[in-house]
Amino acid sequence: MSLKGWEWLARSIARSGQSHVFFIDAVLRPTLMALEAQGVQPVLAHSEKGAAYMADGYARVSGRPGIVAAQSVGAANLAAALQDAWLGRVPMLALTGRKPPHAQHRNAYQEVAHAPLFAPVTKAGMAVEAASDLPRLFRQGWAAATAAPPRPVHLDLNGLMAEIVEQGDTGAEAADLSAWTAPRHRPVADAGDVARLARRLLEEPRIAIVAGDGAALSGCGAELMELAARLQAPVATSLGARGLVPTRHRLHVGVVGSYSAPPANKVVHGAGLVLMVGSDGGDQVTHAWRVPAPGTPIVQIDADPLELDRCPAEISVCGDPRATLEALLEVLGTPERNSAFLDEAAALVAAWRQEMAPRLASDETPIDPARLCAEISAALPEDGILVADTGYSGIWTGTLIEFNGTGQQYLRAAGSLGWAFPAALGAKCAAGARKVVCYSGDGALYYHLTELETAKRRGIAVTLVVNNNQGFGQGWPNLVRAAGNRPEVAGTLLRFGAHTDFCALAAGFGLRGIRVERPEQIGPALREAMASDETVVVEVMTGIDHRAPEPWTPEG
């Protein structure tokens with residue numbers, strides 16, 4: 001049976017297990033109507049970026065490619081929105097309309113070449129000229145998006161709104177790609193490489209493990225903790241892997257790098273050997289390549305061969321982190337190990353926790369965001385999902401919110417400010433009954449505040465926590481110093497007007513808001529919001545002078 005392009009696409013998306021797709025009108029209209037008839041919700045957003053971030057959050061929770069679509073004139077905006085998914089290793093399918101060949105190179109309205117725009121932020125780009133090409137290229141795109149490392153794929157469909165592809169005959173039956181989730185393949189590393197790695201690890205008494213975003217994608221938390229226990233090696237994570245292991249466990253020392261609390265950098269810098277598991281070795285996770293100490297031997301495991309040996313490694317092992325750690329544990333056995341280095345690391349963490357304890361229980365007003373983080377740790381359900389923005393939101397949540405390392409999940413922006421709220425909406429679309437909490441600063445929320453209307457219209461329930469310090473807090477002290485210690489001068493650049501009432505804005509969109517001005521109100525407000533069956537804004541009035549934990553930096 002031959003299906004029209006719109007029939008094939010709608011049926012294939014539905015059969016492949018997608019519950020939602022995200023879009024900006026006008027594109028794929030027959031497909032979207034057919035999807036809704038089959039129980040798949042098309043979610044209209046208020047910008048291409050908002051739609052893309054929703055698809056990004058959806059993919060991170062579901063493991064299936066997040067599907068986002070825009071017509072030809074919105075393609076450039078959509079391309080810019082894929083940066084976070086590219087950096088975060090997220091499977092996505094970006095579908096765009098493209099004006100037909102007779103309109104190309106003739107100054108057609110708002111038409112620019114799509115391929116160069118998408119090339120830096122996609123794993124593959126494919127031009128779909130006719131409906132008969134759709135089954136082959138959609139399948140290939142899905143496969144590419146979910147293979148290690150997962151990343152966005154762009155399908156450019158013939159027609160301003162993809163109508164030429166939609167109306168043609170495919171000559172194919174609908175596909176079922178539901179089994180293809182990221183990471184689709186889990187290759188085990190070469191046995192000889194694993195044996196060499198095991199021998200090297202047993203030679204060194206002071207090992208630190210750094211688990212990165214690739215480890216989080218692989219879901220190797222249990223294997224990682226078992227390895228750490230056998231080696232008596234402390235575990236640090238990248239910011240993106242914050243939820244991979246139990247953060248209160250004695251083996252865990254926190255996030256390492258530029259968005260970290262002091263202990264992790266000290267521990268990794270003091271190691272005699274660093275094992276990097278699914279970690280990219282970039283400037284953020286290494287604090288501008290100062291941690292570990294220059295010259296420290298590195299061994300690594302990664303599923304992405306392009307990440308191997310970016311930092312010179314003694315041994316680089318290519319394989320899925322979870323599958324390869326399982327093999328490594330078999331080879332290692334249960335060696336006798338000295339716990340001195342682990343004891344040092346645990347003592348550093350314990351001292352830092354004791355130092356931070358007063359802030360976590362602070363009764364100050366304006367509220368210390370550290371207290372807000374402690375209250376979120378206490379309120380987040382055992383299977384809850386926390387979605388955090390970049391910048392100071394990433395630092396607060398990555399250093400002070402605790403995770404159980406099992407059912408809870410932490411999603412963070414890889415760099416696009418304002419990502420968190422629309423991503424949280426997408427995450428909730430994939431999460432079912434699981435609760436989703438979004439941690440956003442007021443500066444970040446201004447980017448996509450309009451998606452409150454989307455949340456109301458589509459009945460998407462998230463708890464939106466707004467850390468409202470009425471400005472951009474991360475760079476505030478530096479700017480005050482640059483302004484000659486005159487806050488009134490610095491305020492013209494980084495402070496917002498004090499009149500914005502996010503609860504009133506929520507009410508304008510038909511949603512509830514809870515304003516929190518005293519610390520003892522935070523916990524009840526969070527629990528009330530999470531109990532709701534629609535999005536609730538929890539506006540927490542914090543101080544711009546409160547500083548998040550600072551990373552430890554080696555001298556020189």
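Axes here are lines fitted to C-alpha atoms, for helices over the stretch in contact, and angles run from 0 to 180 degrees between N-to-C directions. With that in hand, let's look around this structure, which is a predicted model.

**Two helices that cross**

Two packed helices are described by the angle between their axes and the distance between the axes. Take helix H3, residues 48-62, and helix H17, residues 420-431: their axes come within 6 Å and cross at roughly 40 degrees. Angles under 35 degrees count as roughly parallel and 65 to 115 as roughly perpendicular, so H3 and H17 end up oblique to each other. The crossing of H3 and H17 is also right-handed.

Which residues in H3 and H17 meet? On the H3 side you'll find Gly50, Tyr53, Met54, Gly57, Tyr58, Val61 and Ser62. On the H17 side they meet Pro422, Ala423, Leu425, Gly426, Ala427, Cys429, Ala430 and Ala431. Sorted by class, the residues of this contact are 11 nonpolar, 4 polar and no charged.

Now for the empty space. Rolling a probe the size of a water molecule over the atoms shows where empty space is left.

| Pocket | Volume | Lining | Classes in the lining |
|---|---|---|---|
| Largest pocket | about 740 Å³ | 37 residues | 17 nonpolar, 13 polar, 7 charged |
| Second largest pocket | about 550 Å³ | 29 residues | 10 nonpolar, 9 polar, 10 charged |

In the largest pocket, the lining residues nearest the centre are Arg60, Ala216, Leu217, Gln409 and Leu411. The elements that give two or more residues to the lining of the largest pocket are H3, helix H10 (213-218), helix H11 (221-231) and strand E14 (409-412).

Which residues lie nearest the centre of the second largest pocket? They are Leu87, Arg89, Arg151, Asp213 and Asp280. Helix H5 (83-87) and H10 are the elements that give two or more residues to the lining of the second largest pocket.

**Some backbone details**

Where are the cis peptide bonds? One joins Val291 and Pro292, with omega about 5 degrees. Pro292 sits in the loop between strand E10 (273-277) and strand E11 (298-302). Another cis bond runs from Thr365 to Pro366, with omega near -5 degrees. Look for Pro366 in the loop between helix H14 (340-360) and helix H15 (369-379).

Finally, check Asn107: its phi is near 60 degrees, a positive value in a residue other than glycine. Asn107 belongs to the loop between strand E4 (92-98) and helix H6 (115-118).

How values were computed
Residues are numbered from 1 along each chain as its sequence is written. This is a predicted model: local features need pLDDT of at least 70, side-chain atom pairs count only at pLDDT 80 or more; totals for chains, interfaces and linings use all residues. Side-chain values use heavy atoms; hydrogens and water are left out. Helices (H or I, at least four residues) and strands (E, at least two) are DSSP runs, numbered from the N terminus. Angles under 35 degrees count as roughly parallel, over 145 as roughly antiparallel, 65 to 115 as roughly perpendicular and the rest as oblique. A crossing is left-handed if the near helix is turned anticlockwise from the far one by less than a right angle, and right-handed if clockwise. Contact means heavy atoms within 4.5 Å. Ala, Val, Leu, Ile, Met, Phe, Trp, Tyr, Cys and Pro count as nonpolar, Asp, Glu, Lys and Arg as charged, and the others, Gly among them, as polar. On a 1 Å grid over the protein atoms alone, a cavity is a set of points where a 1.4 Å probe fits but cannot get out, and a pocket is an open set with protein on both sides within 12 Å along at least five of seven lines; lining residues have an atom within 4 Å of a point. Grid points are joined across faces, edges and corners, and a volume is the space filled by probe spheres set on the points.
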